[in-house]
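Here is a short note to go with your first look at this model. Please keep the structure open beside you while you read the points below.

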Amino acid sequence: MKVPFTDLKAQHAPIKEELCRAFEMVIDSGEFAGGPFVARFEKDFAAYCGTRHAVGVGSGTDALRLTLAAMGVGPGDEVITVPMSFIATAEAISLTGAKPVFIDIDPATYTMDPALLRKALSRKTKAIIPVQLFGQAADMDPILAFAREHGLRVIEDAAQSHGAEYGGRKVGSLGDAGCFSFYPAKNLGAIGEAGAVVTDDDAFAEKIRILRDHGQSRKHHHSVIGWNGRMDDIQGAALGIKLRYLDSGNEARLSHAAEYERLLSGIEGIVLPATGRNRSHVFHIHAIRCADRGHLTRVLDEQGIGYGIHYPTPIHLQPAYQFLGLQRGAFPVSENCTDTFLSLPVYPELTPAQVESVAAAVTEACTACLTT
Ligand SMILES: *Cc1c(COP(=O)(O)O)cnc(C)c1O
């Protein structure tokens, strides 16, 4: 059975009429950028995350960049993050003029290893960006305690973990600010590009609102240099509808992961994802580690089963970051993960038969690779 890696058509088919009616309302309203549909979604998303504010922006990258700018991070500053992420995390730091300082990840959850923070700290350190990777939070308690001890800000890169919880609280609400992406393939996805910053800090939320709108504190009065980072109302309207399906989508992802666990545990040559203590997982990505990825991908290709690799290269080994002078060997856990990760389809609309055929193909490939 052919199984695609993602299927956004299947996600939108049951709500297409609802979306189209909302788009018609946006068109008739004549308000397209940072208007009432964005404001309504911001209110709903803040309530969902359990924060006082959500500020809609143009993308997840905008959310990170605006957050760093609003915190005054700039040239000469350092921000601690992980090399095992999508490149946007580091890019946002670099675009402010600050330097990303990487630390390795925990080999069980693939999120920031808090024990390594102390070694990365310098007098220039301003903030920490833990990445809530693949659908679960990093171990936030020790990260937050370290930040408090040293007067650092904590920005959650929550772009892959909409709705996940840590200590019973929603991801995004744990640090000083939470940055979300609504890129279409994320657990909560727009019909295009969008993002949001969530926070409990009134003054900080106001700063983000001003920065996303050309530094405009009132009409034609530009108090600071900002840029155009507004969310558009078509996205606000679509996200307002899709937010209502986020929890059921996450539950479906979780049940697919449980089924993979049931069908694949004990298979030699692969490591299944683990959920850390004190948190819930929303499986944006279902990454397994495999001893022989080349063989597994050949079998999946033959059978028409989609897969992804998130990510084939850690950020410090990307050409764009060669200037930092970090070599292979600098972050062994991240490097081993990029060499062995393989992401199985886990989108909500998968059928039980599709999950079974993915698991059967993985089983077949791993068994064959042991006997040859
Ligand atoms: C998707 C993603 C981003 C960037 O979001 P965009 O909306 O594509 O700009 C940032 N960080 C992580 C971890 C992501 O997965």
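**A first walk through the model**

1. Let us begin with the sheet. Seven strands form an open sheet with mixed pairing, in the order β1-β9-β8-β5-β4-β2-β3; two strands count as paired if DSSP finds at least two bridges between them. Helices (H or I, at least four residues) and strands (E, at least two) are DSSP runs, numbered from the N terminus. At the edges stand β1 (53-57) and β3 (99-102), each with a single partner strand, so one side of each has no neighbour in the sheet. On average, neighbouring strands are turned by 25 degrees against each other, direction ignored.

2. A word on the source. This is a predicted model, in which local features need pLDDT of at least 70 and side-chain atom pairs count only at pLDDT 80 or more, while totals for chains, interfaces and linings use all residues. Residues are numbered from 1 along each chain as its sequence is written, and side-chain values use heavy atoms, leaving out hydrogens and water.

3. Strand β2 (residues 78-81) runs parallel to β3, and 4 bridges join the two. Isoleucine 80 has valine 101 in β3 as its bridge partner.

4. Which helices pack on the sheet? Helix α4 (residues 60-70) touches β1, β2, β5 (153-157), β8 (177-181) and β9 (195-199), and its direction makes about 160 degrees with that of β8. Helix α8 (residues 202-211) touches β1, β8 and β9, its direction making about 10 degrees with that of β1. Contact here means heavy atoms within 4.5 Å. Axes are lines fitted to C-alpha atoms, for helices over the stretch in contact, and angles run from 0 to 180 degrees between N-to-C directions.

5. Next comes a pair of helices. The axes of α2 and α9 come within 9 Å and cross at roughly 145 degrees. Glu18, Leu19, Ala22, Phe23 and Val26 of α2 meet Asp233, Ile234, Ala237, Ala238 and Ile241 of α9. By class, this contact has 8 nonpolar, no polar and 2 charged residues (Ala, Val, Leu, Ile, Met, Phe, Trp, Tyr, Cys and Pro count as nonpolar, Asp, Glu, Lys and Arg as charged, and the others, Gly among them, as polar).

6. On to the charged pairs: the whole structure holds 12 salt bridges, each a side-chain nitrogen of Lys or Arg within 4 Å of a carboxyl oxygen of Asp or Glu. In one of them, arginine 244 pairs with glutamate 18, their closest N and O atoms 2.1 Å apart. Arginine 244 lies in the loop between α9 (233-243) and α10 (246-264) and glutamate 18 in helix α2 (residues 16-29), so the pair ties together parts 226 residues apart in sequence.

7. Is each partner in the next pair buried or exposed? Aspartate 139 and arginine 277 form a salt bridge, with 3.5 Å between the closest N and O atoms. Aspartate 139 is buried at 16% relative accessible area, whereas arginine 277 is exposed at 56%. Buried means under 20% relative accessible area, exposed over 50%, and partly exposed in between (1.4 Å probe, protein chains only).

8. Two further sites are worth a visit. Arginine 328 and aspartate 339 meet in a salt bridge (3.5 Å, N to O). Histidine 12, in helix α1 (residues 8-12), counts as buried at 16% relative accessibility. Leaving aside neighbours within four places in sequence, histidine 12 contacts Leu19, Ile191 and Lys242.
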